[in-house]
Amino acid sequence: MAETKAQALVAFEQFVAVFGTKYPKAVECLVKDRETLLAFYDFPAEHWIHIRTTNPIESTFATIRHRTERTKGCLTRDGMLAMIFKLGMSAEKNWRRLRGFQLLAKVIDAVQFRDGIEVQQRVRKPGNQAPRRIAA
């Protein structure tokens, strides 16, 4: 929950120092996946809450799973697929909307983000350069 990636790395190293001797295999696994675990810092800050969520697939399809477990063997394959589709459409109404959805276009276009803030590329314009001297 650090504000910046640098602060998160400091906290990560403190965690490794404290728990490394007590839980070596778990800490080794976390150290191996350090970049993946902290990758959300390279996305817009509005998206962090969605990226850091624990199990989106399980919670998203819980309604469908609960219903299909009760009706095993009662429907044909096509009937089951139609029921799953309609349950998904119904459950979709209660899903949390993505915060900062307007930033998805920038993410798709590979715009760089650092600590949740868009990195502005500095472009040098030809008018800003000092005039060149030409030998006569």
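**Salt bridges and helix packing in the predicted model**

In the predicted model, the side chains of Lys5 and Glu35 meet in a salt bridge, with a distance of 3.6 Å from N to O. This pair links distant parts of the chain, since Lys5 belongs to helix α1 and Glu35 to helix α3 (residues 34–37), 30 residues apart. Lys5 has a relative accessibility of 19% and therefore counts as buried, the cut-off being under 20%.

A salt bridge also joins the side chains of Arg34 and Glu13, for which the N to O distance is 2.2 Å. Because Arg34 lies in helix α3 and Glu13 in helix α1, this pair ties together parts of the chain that are 21 residues apart in sequence. Glu13 is partly exposed, its relative accessible area being 39%. In total, the structure holds 4 salt bridges, among them the one between Glu118 and Lys106, whose closest N and O atoms are 2.7 Å apart. Here too distant parts of the chain are linked, with Glu118 placed in strand β2 (residues 117–118) and Lys106 in helix α8 (residues 104–108), 12 residues apart. Both partners are partly exposed, Glu118 with a relative accessible area of 26% and Lys106 with one of 31%.

The secondary structure of the protein comprises 8 helices and 2 strands, and from the N terminus on the elements follow the order α-α-α-α-α-α-α-α-β-β. Of the 136 residues of the protein, 18% count as buried. Among contacts with a separation of 6 or more, 57% are accounted for by residues 24 or more positions apart.

The packing of two helices is described by the angle between their axes and by the distance between those axes. Helix α1 (residues 5–19) packs against helix α2 (residues 24–32) at an angle of about 160°, and the axes of the two helices are 10 Å apart. Because angles over 145 degrees count as roughly antiparallel, α1 is roughly antiparallel to α2. The crossing of α1 and α2 is left-handed. On the side of α1, the contact involves Phe12, Phe15, Val16 and Phe19, which meet Val27, Leu30 and Val31 in α2. By class, this contact of α1 with α2 has 7 nonpolar residues, with no polar and no charged residues.

His47 lies in the loop between α3 and α4 (48–51), and with a relative accessibility of 5% His47 counts as buried. When neighbours within four places in sequence are left aside, the residues in contact with His47 are Arg99, Gly100, Phe101, Leu103, Leu104 and Val107.

Asp115, in turn, is placed in the loop between β1 (113–114) and β2, where a relative accessibility of 22% makes Asp115 count as partly exposed. The C-alpha atoms of Asp115 and Ala45 are separated by 7.3 Å, although these residues are 70 residues apart along the chain. Not counting residues up to four places away in sequence, Asp115 touches Glu3, Thr4, Lys5, Tyr41 and Trp48. Lys5, one of the residues touched by Asp115, is also the salt-bridge partner of Glu35.

Notes. Residues are numbered from 1 along each chain as its sequence is written. This is a predicted model: local features need pLDDT of at least 70, side-chain atom pairs count only at pLDDT 80 or more; totals for chains, interfaces and linings use all residues. Side-chain values use heavy atoms; hydrogens and water are left out. Axes are lines fitted to C-alpha atoms, for helices over the stretch in contact, and angles run from 0 to 180 degrees between N-to-C directions. Helices (H or I, at least four residues) and strands (E, at least two) are DSSP runs, numbered from the N terminus. Angles under 35 degrees count as roughly parallel, over 145 as roughly antiparallel, 65 to 115 as roughly perpendicular and the rest as oblique. A crossing is left-handed if the near helix is turned anticlockwise from the far one by less than a right angle, and right-handed if clockwise. Contact means heavy atoms within 4.5 Å. Ala, Val, Leu, Ile, Met, Phe, Trp, Tyr, Cys and Pro count as nonpolar, Asp, Glu, Lys and Arg as charged, and the others, Gly among them, as polar. Buried means under 20% relative accessible area, exposed over 50%, partly exposed in between (1.4 Å probe, protein chains only).
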